[in-house]
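Please examine the sequence and the three-dimensional model shown below.

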Amino acid sequence: MDLQAQKIMEERFGCDALIALATAENNAPSVRTVNAFYESGAFYVITHAKSKKMRQIEKNPAVAVSGDWFTGHGLGQNLGHILTKENEEIAQKLRAAFSAWYGNGHVNEQDENTVILKIALTDGVLFSQGKRYDLQF
């Protein structure tokens, strides 16, 4: 990916960023706004394993995202419970990025269904200062 585009993605989304996340089930799209954190070609979201989006992603991992002059496609993956050893590094980054609301009761880390959703981007289009970046991840 173009270094300038990578820098823009990190500036815009390497923090608590609201993005639209679209999934599909039975040819019917669903879209919702989620808090996401971007790093190295992927968005990370803290969610509940039994949520509608996670049930849909389990059946069909293809997703679309949109936010702040970026649209893209990716594959959703349930990384599992936030407190697993494998998730320790990304969980620390998510707690820091979402610190403004993380401790207000919205996230229950003790619930085994509190999981990390990774959206591994495959392609996207980014606009910045009149320039279009066609991205492949």
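**Helix H1**

The structure is a predicted model. Helix H1 covers residues 3-13, and its buried residues are Ala5, Gln6, Ile8, Met9, Arg12 and Phe13. When H1 is viewed down its axis, these buried residues fall within an arc of 160 degrees, so they line one face of the helix. Leu3 and Glu11, on the other side of H1, are exposed. The N-terminal end of H1 is capped by Asp2, which places a side-chain oxygen 2.7 Å from the backbone nitrogen of Gln4.

**The largest pocket**

Rolling a probe the size of a water molecule over the atoms shows where empty space is left. In this model, the largest pocket has a volume of about 260 Å³. Its lining consists of 15 residues, and those closest to the centre of the pocket are Ile46, Thr47, His48, Trp101 and His106. Strand S2 (28-39) and strand S3 (42-48) are the elements that give two or more residues to this lining. Which element supplies the largest share of the lining? That element is S3, with four residues. By residue class, the lining of the largest pocket divides into seven nonpolar, seven polar and one charged.

Most residues other than glycine have a negative phi. Asn27 has a positive phi although it is a residue other than glycine, and the positive phi of Asp68 also belongs to a residue other than glycine. Asn27 is found in the loop between strand S1 (17-25) and S2. Asp68 is found in the loop between strand S4 (62-67) and strand S5 (70-81). The table lists the values for these residues.

| Residue | Phi | Relative accessible area | Exposure |
|---|---|---|---|
| Asn27 | near 60 degrees | 82% | exposed |

Asn27 counts as exposed because its relative accessible area of 82% is over 50%.

**Gln136 in strand S7**

Gln136 belongs to strand S7, which covers residues 131-136. Is Gln136 buried or exposed? With a relative accessible area of 59%, Gln136 is exposed. Leaving aside neighbours within four places in sequence, Gln136 is in contact with Met1, Thr122 and Asp123. Lys85 is 51 residues from Gln136 along the chain, and the C-alpha atoms of the two residues are separated by 30 Å.

Notes
Residues are numbered from 1 along each chain as its sequence is written. This is a predicted model: local features need pLDDT of at least 70, side-chain atom pairs count only at pLDDT 80 or more; totals for chains, interfaces and linings use all residues. Side-chain values use heavy atoms; hydrogens and water are left out. Buried means under 20% relative accessible area, exposed over 50%, partly exposed in between (1.4 Å probe, protein chains only). The arc is that of the directions from the helix axis to the C-beta atoms. A polar contact is a pair of N or O atoms within 3.5 Å; within protein, one must be able to donate a hydrogen and the other to accept it, and residues adjacent in sequence count only if both atoms are side-chain atoms. Contact means heavy atoms within 4.5 Å. On a 1 Å grid over the protein atoms alone, a cavity is a set of points where a 1.4 Å probe fits but cannot get out, and a pocket is an open set with protein on both sides within 12 Å along at least five of seven lines; lining residues have an atom within 4 Å of a point. Grid points are joined across faces, edges and corners, and a volume is the space filled by probe spheres set on the points. Ala, Val, Leu, Ile, Met, Phe, Trp, Tyr, Cys and Pro count as nonpolar, Asp, Glu, Lys and Arg as charged, and the others, Gly among them, as polar.
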